[in-house]
Amino acid sequence: MQEATRELYWNIPSHWFMYVLFVGVVVCFAIFFYRRYRLWKLGAPEELSDHKSERFFGAFKEVFTQKRVVRKKSSGIMHLFIFWGMLFLLVATTLVALQDHFGIPILYGDFYLYFISLGIDLAGLVCIVGVIIALVRRAAKINSNLETNTADIVWLALLLVILLSGFATEGLRIVGTNDPWAIWSPVGYVFALMFSGMSPEALSLTHQIIWWGHLVLAFAFLAFFTYSKMAHVLFIPGNYYYRSLKPAGTLEPIDFEDEELETMGVRTLEEYTWKDLLDAQACIKCGRCQENCPAYLSGKELSPMRFIQNMAAQNLERGKILLKVPEDARTEEQQTLLEEGVVGTVISEEALWQCTTCRSCSEECPARVVHPEKDIKARTYQVCMESAFPPEAQQTFRNLETNGNPWGIGWQKRTEWTKDLDVPTIEENPNAEYLYWPGCSGAYDARSRKVSTAFVQLMKQAGVDFAILGNAEKCCGDSARRLGNEYVYYMLAQENIETLKQAGVKKIVTQCPHCLQALSVDYPQMGGNFEVLHHSELLAQLIAEGKLKAGSCEYAQVTYHDSCYLGRYHGQYDAPRNVLKQGAGAQLVEMERNESKSFCCGAGGGHMWLEEPQGTKINDMRAEQALQTKADALVTACPFCLTMLTDGVAAHDSQMPVKDLAEVLAEAQFE
Amino acid sequence: MATIWVFAEYKDGVIGKVTFEAVSEARRLADAQGKTVSVVVFGSNVDDAALAPLAQYGADQVIVVDDPALAEYTVDAYAAALDGLIEAHHPDTIMFVASSTGQDIAPVVAQHQNAGLISEIVAIEDEGGQPVYVRAPYSGKILEKCAFTNNDDLNIVTLRPKAFTIAEPNTSRTATIVREAPAGFGNIRQIVKDVLRVASDRVDLRDAEFIVSGGRGVKGPEGFQVLEQLADELGAAVGASRVAVEQGWIDKQFQVGQTGKIVAPQLYIACGISGSIQHQAGMGQSQCIVAINNDPEADIFRIADYGIVADLFEVVPLMTEEVKKLKA
Amino acid sequence: MKIAVCVKQTIDTEAVITLDADGQVVTDGAALIIDPYAEFAVEKAVQLKEANGGEVVVVTVGTQDDVPAIRHALSMGADRAILIEDANIDTTNPLAKARILAAVLEAEQPDIIMGGYKSGDTGQAQTLPRVAAIMGIPQVGWITGLELEGETALVDHELDDGVERVSVALPALFTAQQGLAEPRYPTVRDIMQSKKKPIDTKDLAAIGIDPSLVGPAAAQVVVKSYALKPEREGGRIVEGDVPDAVAETAGLLASEAKVL
């Protein structure tokens with residue numbers, strides 16, 4: 001028996017013509033791609049050409065594992081089918097081309113049988129299954145967050161027709177060539193059975209029609225590929241490649257010493273960077289961001305998806321003028337359009353202030369679009385340049401300016417909480433290993449002072465050498481910065497960094513994840529480089545080192561609420577759980593949304609200081625999720641979460657205690 | 001004989017209670033220094049009957065200037081009339097109530113008469129026979145004792161309302177009533193177009209001297225009606241914590257706190273409010289805080305001057321009755 | 001239209017006040033702010049300028065330490081400032097300050113003079129009424145509203161039980177009470193620009209005032225002593241049966257707290 005293979009381009013004598021067509025395809029592809037490239041290049045510069053190999057391999061891994069896509073199981077698997085199916089088909093097509101034109105013998109023997117025949121057949125089948133699932137879930141509107149327009153259906157249908165016609169040509173070829181290895185192409189074989197009774201002439205003609213039809217459709221697909229949302233196949237890997245390698249939540253600093261400084265933040269769309277605009281191009285509006293957005297889910301106007309989609313739409317609209325109409329030839333109407341800022345066109349004033357910067361949109365986005373920072377950039381312009389922000393924030397801003405804390409309590413009262421505790425200041429203990437940073441809540445808020453007290457007791461018990469800054473500590477500036485008040489943040493950060501440096505501080509332990517973010521991610525931008533950890537991390541470490549013994553928890557079961565800034569921002573999910581399980585001896589019962597899928601308490605992004613006029617209260621929603629666990633206590637590791645969830649639980653008339661993990665640990669240790 | 005004058009707050013045929021505080025204090029000072037007390041009353045169609053209580057609290061003499069030009073307060077007319085009286089009678093001390101009118105006119109007259117002025121005194125002490133005036137500046141955080149450099153010149157003080165106790169009225173005392181016609185008011189440059197009285201309406205939160213405020217413990221819009229009764233009795237504004245507003249029990253404009261209004265009334269009665277730091281940021285500067293809460297652990301008790309651990313629905317109606325009694 | 005606003009810098013109302021060894025209030029290190037009442041006046045002045053055109057001039061009697069408050073007013077939209085600084089000035093004496101302000105304002109000839117009816121810290125509540133009296137111009141104190149009708153101002157003068165609407169011909173002086181205007185939050189651009197606005201520092205000689213009129217010798221009032229008032233203790237629970245506790249509390253409010 002001869003070696004397994006098949007005749008290429010059977011029955012297509014003038015198949016060379018397809019190369020003529022292919023040139024056209026490449027030209028279309030290139031033109032449409034260039035058009036899009038020009039659009040995102042309208043954005044402001046951003047330097048992302050560093051760490052090329054890290055970028056490449058990271059992107060490579062994420063593309064081929066489809067890690068970000070399968071984060072959501074249902075649609076993720078559907079996409080995995082189409083992705084891997086198409087990938088195999090692409091490889092096979094390329095191999096065919098290589099053999100046909102460069103004479104490289106590839107499609108022979110076992111490789112042919114297992115890979116090209118059987119493998120590709122199954123790949124095609126998997127792809128068809130994926131496409132059908134995609135079509136059905138769109139047609140049946142299974143997911144209300146998934147917006148479907150005609151183009152979406154057309155593209156999927158086209159894909160389906162291409163796949164089916166591929167199998168049809170295969171079936172016809174199998175019949176026509178009486179392929180002895182037909183059984184190795186099981187799907188093609190099934191199709192072949194359908195054509196088995198045809199006359200040779202009819203078969204030949206049908207084959208030629210379907211073959212050319214398949215080719216034309218496939219080429220059309222490729223030609224218009226970069227014109228449509230299918231371009232995500234290129235843009236998302238591109239977006240992976242150009243991902244920020246900086247810590248999550250990094251905001252670009254503004255240098256207020258710069259005499260040339262004229263504007264801050266983003267007013268018009270093109271003040272966003274090209275990467276921001278590439279993000280918008282890469283968005284395939286899968287809706288996963290809004291499915292996880294606390295603002296959206298609580299019935300507010302903000303939809304991270306709409307925000308990004310509007311960016312893309314505006315990019316196109318404005319691009320038509322910016323790229324095609326010379327400046328002096330623009331009509332008044334066009335000028336007006338270009339003058340419009342992003343607030344009011346891309347995002348409404350209300351929605352702009354609804355983002356809690358919880359980051360779950362970015363966490364869930366399969367395209368690696370980063371949403372919260374875009375919102376904050378626009379806020380920065382509104383606050384710094386227009387003084388336009390929710391009026392209730394003004395008091396907080398003024399308080400931060402005058403007294404360095406959001407409540408405006410006299411700065412000299414910051415250490416009052418230590419009155420009966422014997423907590424050394426850095427002057428009293430200048431060589432302390434850790435600088436303990438209780439933060440404004442830990443220092444001023446009666447509720448959080450109990451947490452500070454518990455934490456101090458634990459550190460003393462474990463023999464930690466620590467000190468506090470005392471009255472010289474100021475608000476870390478996180479709320480100000482994320483509310484867009486870069487100026488107040490800058491002043492606070494500058495003072496804090498100066499104080500910390502003068503005190504010779506090396507290691508800092510914070511109690512608030514927002515302080516953690518400011519001190520570990522924001523301050524290095526201004527020359528404040530310290531080793532910063534969260535109190536949950538230090539406590540977990542002390543437990544692991546045996547410096548704190550296992551205690552017994554007074555609650556049978558506790559549920560732990562992941563703070564956004566400790567979890568999604570810092571990736572710390574284990575330390576707090578270890579503190580509870582190993583240190584406090586608590587049994588943990590998880591909420592449905594936990595760890596990286598945790599649901600915001602509603603206070604992030606400065607929302608601690610804003611009203612929440614629209615929709616359901618986010619903290620009520622989260623409290624309800626906690627109550628559903630029927631746990632005996634709700635534990636957090638963030639003072640804002642503590643406040644919000646306490647209010648939320650009370651709103652449900654529940655007696656469930658809400659505590660910080662340091663309190664739970666202290667109670668388990670000392671009682 | 002040296003005389004202490006008290007400038008009376010007279011409106012709509014009634015002498016205000018704050019004036020009796022000043023008269024009582026003037027009497028005490030006059031007795032200590034061997035002086036007499038005269039009360040100056042400005043108005044239009046001033047009724048002698050309204051003046052009678054002044055004697056009971058210590059006035060020896062009441063000087064009335066009755067003129068249509070004094071029907072509504074204008075600084076020019078009042079200052080001109082007072083300047084005329086001062087130049088005619090040479091009192092050695094004038095006491096004003098530190099009300100909006102008293103604080104408005106006192107410095108003007110002080111300047112016209114080249115007199116020293118000590119404003120918003122909360123007590124008068126005696127130091128070697130000379131009066132020492134106590135003020136409470138810096139939001140009441142400091143007690144400042146001051147004196148006039150020359151006690152022989154005309155000296156003017158304004159008295160903080162409610163800081164001085166009203167003497168037991170002595171019904172047997174009488175005072176002579178002198179009606180004086182001013183030489184003229186000069187050019188009155190302020191023309192009163194309209195007067196809007198707001199006493200009957202609910203007071204604006206930020207201007208309010210008294211606030212009755214409710215939180216989660218109020219339990220619903222009906223609960224606020226109980227608070228309103230106390231507020232009406234006190235002439236107080238009604239406030240609320242963020243929780244109560246978010247629950248929709250009361251309108252947002254009544255919210256006190258970090259993201260609501262910042263208030264500093266003389267008296268803040270917190271009913272069913274736990275007293276989170278966010279709430280304290282809005283009312284911590286109140287002069288006196290009363291907390292009513294059935295949770296003895298509530299943070300509000302830490303900052304309250306007086307706390308009652310009980311159900312607010314029991315306490316508030318009782319408090320309303322007590323206030324009624326006090327006012328009667 | 002030219003509007004002059006007299007601005008003072010004060011210690012923040014939330015600040016912890018301390019006394020030095022001599023029993024004087026320590027301002028060093030205290031949180032200093034533009035006086036809230038002066039700030040209402042600045043806001044209203046800037047609003048009037050924005051609506052009617054003209055100029056807003058800030059006038060301060062003080063020292064270089066008061067520049068942050070002046071800059072704040074400039075960042076809110078005032079155009080320039082005059083700072084009268086002289087070691088001979090007794091800044092605790094309202095009469096002295098009134099004489100100085102009157103001299104400066106006579107030279108400036110503004111249409112409207114504004115400022116706070118009192119300051120948030122020392123609260124003597126008399127400097128500006130004295131200024132108007134010295135200058136012989138009409139004044140209305142405690143205003144919560146101001147509208148212009150040509151050369152006349154319609155102002156809302158606050159009474160204890162209401163509001164009196166008063167018409168006054170300009171030039172005139174008005175003192176601000178809370179409610180006159182909500183102070184704006186200056187933008188960073190405004191803050192940057194305020195650094196370029198002129199502050200004209202003058203001494204007594206430059207405004208032609210005899211130092212003896214504004215020095216310690218001119219004082220009509222002396223401060224004998226300052227004492228810290230004990231901080232609110234809090235936490236006092238009135239015990240007993242509810243009716244008794246309520247009656248006792250009401251009694252304490254009248255007799256001890258003196259608020260009823």
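1. B:Val195 has C:Glu164 as its bridge partner in E9(C). That bridge belongs to a strand pairing across two chains: strand E12 (residues 190-197) of chain B runs antiparallel to strand E9 (residues 162-169) of chain C, over 7 bridges. Please keep in mind while reading that this is a predicted model.

2. How many residues of chain B and chain C are in contact? On the chain B side there are 71, and on the chain C side 63. Helix H4 (residues 100-112) of chain B is the element that gives the most to the chain B side, with 9 residues. Sorted by class, that side of chain B holds 38 nonpolar, 16 polar and 17 charged residues. As background, interface size is often quoted as the accessible area lost when the parts come together; the figures here are residue counts instead.

3. Staying in chain B, the loop between E12 and strand E13 (210-214) holds B:Ala208. Is B:Ala208 buried or exposed? B:Ala208 has 24 C-beta neighbours inside 10 Å, and the cut-off for burial is 20 or more, so B:Ala208 counts as buried.

4. Now chain B as a whole. Chain B has 10 helices and 17 strands, and its C-alpha trace spans about 65 × 50 × 40 Å along the principal axes. Of its 328 residues, 56% are buried. When contacts between residues at least 6 apart in sequence are considered, 64% of those in chain B join residues at least 24 apart. The chain is divided into domain 1 (3-180) and domain 2 (205-327), with 35 Å between the C-alpha centres of the two domains.

5. Chain C can be described in the same terms. Chain C contains 8 helices and 12 strands, and along the principal axes its C-alpha trace spans about 65 × 45 × 40 Å. Buried residues account for 52% of its 260 residues. Contacts in chain C with a separation of 6 or more come to 70% from residues 24 or more positions apart.

6. Chain B also meets chain A. That contact takes 11 residues from chain B and 15 residues from chain A. On the chain B side, helix H7 (242-246) and helix H8 (277-283) are the elements that give two or more residues. By class, this side of chain B has 4 nonpolar, 3 polar and 4 charged residues.

7. Chain A is divided into domain 1 (17-241), domain 2 (269-386) and domain 3 (393-670). The C-alpha centres of domain 2 and domain 3 of chain A are 32 Å apart, and 20 residues of domain 2 are in contact with 22 residues of domain 3. On the domain 2 side, helix H15 (360-364) and helix H16 (372-386) each supply at least two residues. H16(A) gives the largest share of that side, 6 residues. The class count for the domain 2 side is 7 nonpolar, 7 polar and 6 charged residues.

8. Why is H16(A) described as largely enclosed by the rest of the structure? Because 13 of its 15 residues are buried. The helix geometry agrees with expectation too: at 1.5 Å a residue, the 15 residues of H16(A) should span 21 Å, and the end C-alpha atoms are 20 Å apart. After H16(A) comes A:Ser387, with a positive phi near 55°.

9. In soluble globular proteins, nonpolar side chains tend to be buried together. The largest nonpolar core here has 150 residues, and the members touching the most others are A:Val558, A:Leu645, A:Val664 and A:Leu665. Helix H21 (residues 486-502) of chain A gives the most to this core, with 7 residues. There is also a second, separate core of 137 residues, which includes C:Ile112, C:Tyr117, C:Ala132 and C:Ile143.

10. One last pointer for the viewer is A:Leu645. Leaving aside residues up to four places away in sequence, A:Leu645 touches A:His561, A:Cys601, A:Asn619, A:Arg622, A:Ala623, A:Ala626, A:Leu634, A:Thr636 and A:Val658.

Note on methods
Residues are numbered from 1 along each chain as its sequence is written. Chains are lettered from A and ligands numbered from 1 in the order in which they are written. This is a predicted model: local features need pLDDT of at least 70, side-chain atom pairs count only at pLDDT 80 or more; totals for chains, interfaces and linings use all residues. Helices (H or I, at least four residues) and strands (E, at least two) are DSSP runs, numbered from the N terminus. A residue is buried if 20 or more other C-beta atoms lie within 10 Å of its own, exposed if 12 or fewer, and partly exposed in between; C-beta atoms are placed from the backbone. Two residues are in contact if their C-beta atoms, placed from the backbone, lie within 7 Å. Domain bounds come from an automatic or database domain assignment. A nonpolar core is a set of buried Ala, Val, Leu, Ile, Met, Phe, Trp, Tyr and Cys residues joined through C-beta atoms within 7 Å. Ala, Val, Leu, Ile, Met, Phe, Trp, Tyr, Cys and Pro count as nonpolar, Asp, Glu, Lys and Arg as charged, and the others, Gly among them, as polar. The expected span of a helix is 1.5 Å times one less than its number of residues. Two strands pair if DSSP finds at least two bridges between them.
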